[in-house]
Amino acid sequence: MRFEGKRVLVTGAAGGIGAAITAQFRAEGARVAVADRSVDGIAADVALPGDLLDAAYTDGLAQAAHDALGGLDIVVNNAGVITRGPVTETSDADWALSMGVNVEAPFRICRAAIPLMAAGGGGAIVNTASCWGGKAPGPNHALYCMTKAAIAQLTQCMGMDHAHQGIRVNAVCPNEVNTPMLRSGFEKRGFDPDTAVAELGQSVPLGRIAEPEDIADVALFLASDAARYMCGALVEVNGGKPVS
Ligand SMILES: NC(=O)c1ccc[n+]([C@@H]2O[C@H](COP(=O)([O-])OP(=O)(O)OC[C@H]3O[C@@H](n4cnc5c(N)ncnc54)[C@H](O)[C@@H]3O)[C@@H](O)[C@H]2O)c1
C-alpha cells in the first residue's frame, strides 16, 4: 500500500490511461478525486466533472480536490487531446483545443496546486508528455508534438523551481498506447482498431504497443517515494521504440 492516506487528483480520469492510473492509486490505498468531462461510472472518492477549457473550473480544480480530500499530495495531469496533420491542415479551433487541454490546463492546475502542496509540506506532480514531442518530433502531428514539447519543458522548469518546496514535478512520455485516443484515430481512417493495434505492435521491439497499465505503473512510480530524488525528469516509456 504505497499510497496509504495519500490524496490524489487525476485529470482525464475517464480515458484509457487515466482510468488505469485512478484504479491503481485506489488499489494502493490512495483517495482519488477524478476530473474529466464526465466521470459517471468511475470508481472514485471525489467526482469533479468539468471542461478543462473552462479557465474558472481548471483554476479551481486543485482547491476543490484539496477541500474534498482534506489535502492534496499528488496531482496527475493526464488529460489530453490529439490533433493530427501538418501545420497546413491545422485550424484555429485545433490550436485552441490542443493548447487549451494539453498546455494551458496543466499550467493552471500546477499554478494552483503548488502553493497548496507547499503549505502541506510537499507533494508530487506527474504530467503526461509523450515520446511524440516530449522527447523528439514525430511526423504529421505538428500541433500535438508542439503541445507535448511545451508540457515537457514546463515540467523541467517546475521540477527545478519547486524542488526546494519539497514538490517533485516529473513527466511520463509514452509512445503508442492502446487507448480510445489511439483507437479512434484508426477508426477515423477506416481501419479495424484491433488489427491496426496488432500490426503497430510489430513495429515495437517488445512486440506490442503499451497497455494503459504499462504507463500507469510508471506514473505511480514517479508519484511514489521510490522516485524521491527525481525532479524534472522526462521518462520515456516506449517498449524500445523511440521516435526518431
Ligand atoms: N494513447 C497514446 O498513444 C498516447 C501516447 C502518448 C501520450 N499520450 C497522452 O496520454 C494522456 C492520456 O491519453 P489517453 O490515450 O488515455 O487518451 P484518452 O482519449 O483515452 O483519454 C483522455 C481523456 O482526457 C479527457 N479530456 C480531453 N479533453 C478534455 C477537456 N476539455 N476537459 C476535460 N477532460 C478532457 C477526455 O475526456 C478523456 O477521458 C494524454 O495526455 C495523451 O496525450 C497518449
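The following legends describe close-up views of a predicted model.

Residues are numbered from 1 along each chain as its sequence is written. Because the model is predicted, local features are reported only at pLDDT of at least 70 and side-chain atom pairs only at pLDDT 80 or more, whereas totals for chains, interfaces and linings use all residues.

**View 1. The open sheet of seven strands.** The strand order is β3-β2-β1-β4-β5-β6-β7, and the pairing is parallel. At the edges lie β3 (46-47) and β7 (234-237), each of which pairs on one side only. Helices (H or I, at least four residues) and strands (E, at least two) are DSSP runs, numbered from the N terminus. Two strands count as paired if DSSP finds at least two bridges between them. In general, strands of a sheet pair through backbone hydrogen bonds, either parallel or antiparallel.

View 2. Strand β1 covers residues 7-11, and five of the five are buried, so the strand is largely enclosed by the rest of the structure. A residue is termed buried if 20 or more other C-beta atoms lie within 10 Å of its own, exposed if 12 or fewer, and partly exposed in between, with C-beta atoms placed from the backbone. In a regular strand the side chains alternate between the two faces of the sheet. In β1, R7, L9 and T11 point one way, while V8 and V10 point the other way. Five bridges join β1 to strand β2 (residues 31-35) in the parallel sense. R7 faces R31 of β2 across this pairing.

View 3. β5 and β6 run parallel and are joined by six bridges, with N127 standing opposite A171. The parallel pairing of β6 (residues 167-174) with β7 has four bridges. Within this second pairing, A171 has L234 as its bridge partner, and C173 stands opposite E236.

**View 4. Helix α5 against the sheet.** Helix α5 (residues 142-161) lies across β5 (123-128), β6 and β7, and runs at about 155° to β6. Axes are lines fitted to C-alpha atoms, for helices over the stretch in contact, and angles run from 0 to 180 degrees between N-to-C directions. The loop between α4 (131-135) and α5 contains N140. This residue has a phi near 60°, a positive value in a residue other than glycine. N140 counts as exposed, with 10 C-beta neighbours inside 10 Å.

View 5. A219 lies in α8 and counts as buried, with 28 C-beta neighbours inside 10 Å. Leaving aside neighbours within four places in sequence, A219 is in contact with I21, V76, V126 and V172. Two residues are in contact if their C-beta atoms, placed from the backbone, lie within 7 Å. The C-alpha atoms of A219 and G70 are separated by 23 Å, the two residues being 149 residues apart along the chain.

**View 6. The loop that holds P49.** P49 is placed in the loop between β3 and α2 (55-69). The residue is partly exposed, with 15 other C-beta atoms within 10 Å. Not counting residues up to four places away in sequence, P49 touches D36, R37, S38 and V39.

**View 7. Contact between the two domains.** The protein chain is divided into domain 1 (7-175 + 212-235) and domain 2 (176-209), with bounds that come from an automatic or database domain assignment. Their centres, taken over C-alpha atoms, are separated by 23 Å. Nine residues from domain 1 and six residues from domain 2 take part in the contact. On the side of domain 1 that touches domain 2, α1 and α8 (212-223) each supply at least two residues. The residues of that side divide into five nonpolar, three polar and one charged. Ala, Val, Leu, Ile, Met, Phe, Trp, Tyr, Cys and Pro count as nonpolar, Asp, Glu, Lys and Arg as charged, and the others, Gly among them, as polar.

**View 8. The shell around the ligand.** Of the 25 residues around the ligand, G12, G15, G80, T179 and M181 come nearest. A residue is near a molecule or strand if its C-beta atom, placed from the backbone, lies within 6 Å of it. The shell draws at least three residues from each of domain 1 and domain 2. Helices α1 (16-27) and α6 (180-188) each supply at least two of its residues. By residue class, the shell comprises twelve nonpolar, nine polar and four charged residues.
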